[in-house]
Amino acid sequence: MPILDHEGTAIEAPAAYSLCRCGGSENKPFCDGTHKSNNFNGQEFASKDTAADRAENFVGESITIHDDRSRCGQARVCTDNLSGVFKLGVEPWIDPDGAAADNITRVVSLCPSGALSYSLSGSPEPVEHPEDPSITVARDAPYAVRGVQVVAGDGPAIRRS
């Protein structure tokens with residue numbers, strides 16, 4: 001599984017590895033066992049329902065933007081790249097008619113957490129963008145896991161859509 005830094009550069013990894021979840025490893029992003037001594041609580045809080053169940057829909061003339069706040073990692077890719085659509089401090093914070101649909105689809109596809117998706121006018125289903133499997137790591141940020149089925153600690157797969 002490729003592991004990339006925030007600029008998309010491959011990070012050398014051993015054949016088998018565990019990623020650090022506690023934040024204390026001296027060998028980030030890889031686990032060095034620090035979680036055993038730093039009072040890390042590994043309880044999982046991720047919702048196992050679908051994004052469609054959690055998303056708020058912002059319906060525009062030619063595009064609907066689906067926003068799943070529970071997945072947002074606050075990377076600000078949306079607000080930094082298309083402030084006419086994604087507006088900080090304003091309610092509603094998404095204006096699906098604030099830019100051309102092709103600009104919106106471009107920015108939504110850059111969302112590292114997958115909190116944003118879209119469907120085009122006339123289609124209720126969000127547009128899928130299959131991706132090659134990868135894990136992207138950045139300093140003091142959550143992992144961006146793409147093209148991989150994530151399995152919860154208690155066994156069931158976490159549904160991606």
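This passage describes the fold of a single chain and then several of its residues, on the basis of a predicted model.

In outline, the chain contains three helices and six strands, and these elements follow one another along the sequence in the pattern β-α-β-β-α-α-β-β-β. The C-alpha trace spans about 55 × 30 × 30 Å along its principal axes. Of the 161 residues in the chain, 26% are buried, and the accessible surface comes to about 10,300 Å², with 49% of that surface belonging to carbon and sulfur atoms. When contacts between residues at least 6 apart in sequence are considered, 46% of them join residues that are at least 24 apart. As for charge, the chain carries 14 positive and 23 negative side chains, and the centres of these two sets lie 5 Å apart.

Three of the strands build an open sheet, in which the order is E1-E5-E6 and the pairing is mixed. At its edges stand strand E1 (3-4) and strand E6 (144-146), each of which pairs on one side only. Strand E1 and strand E5, the latter made up of residues 134-136, run in the parallel sense and are paired over two bridges; within this pairing, Ile-3 has Ile-135 of E5 as its bridge partner.

A further pairing involves strand E2 (residues 56-59) and strand E3 (residues 63-67), which are joined in the antiparallel sense over four bridges. These two strands form a hairpin, with three residues between them.

Ser-119 is a residue of strand E4, which covers residues 116-120. Its relative accessibility is 3%, and because a residue is called buried when this value is under 20%, Ser-119 counts as buried. Beyond residues up to four places away in sequence, Ser-119 touches Ile-63, Thr-64 and His-66, and likewise Pro-124, Glu-125, Pro-126 and Val-127.

Thr-64, one of the residues touched by Ser-119, lies in strand E3 and is buried as well, with a relative accessible area of 14%. Apart from its neighbours within four places in sequence, Thr-64 is in contact with Asn-57, Phe-58 and Val-59, and also with Ser-117, Tyr-118 and Ser-119.

Ser-117 and Asp-102 are separated by 15 residues in sequence, and their C-alpha atoms are 13 Å apart in space.

Several loops contain backbone features of note. A cis peptide bond, with omega of about 10°, joins Lys-28 and Pro-29, and Pro-29 is located in the loop between E1 and helix H1 (51-54). Another cis peptide bond joins Glu-91 and Pro-92, here with omega of about -10°; Pro-92 belongs to the loop between helix H2 (77-81) and helix H3 (101-109).

Definitions and conventions: Residues are numbered from 1 along each chain as its sequence is written. This is a predicted model: local features need pLDDT of at least 70, side-chain atom pairs count only at pLDDT 80 or more; totals for chains, interfaces and linings use all residues. Side-chain values use heavy atoms; hydrogens and water are left out. Buried means under 20% relative accessible area, exposed over 50%, partly exposed in between (1.4 Å probe, protein chains only). Contact means heavy atoms within 4.5 Å. Two strands pair if DSSP finds at least two bridges between them. Accessible areas come from the Shrake-Rupley method with a 1.4 Å probe; for residues, only the protein chains shown count as cover. Lys and Arg count as positive and Asp and Glu as negative; His and the chain ends are not counted. The place of a charge is taken as NZ of Lys, CZ of Arg, CG of Asp or CD of Glu.
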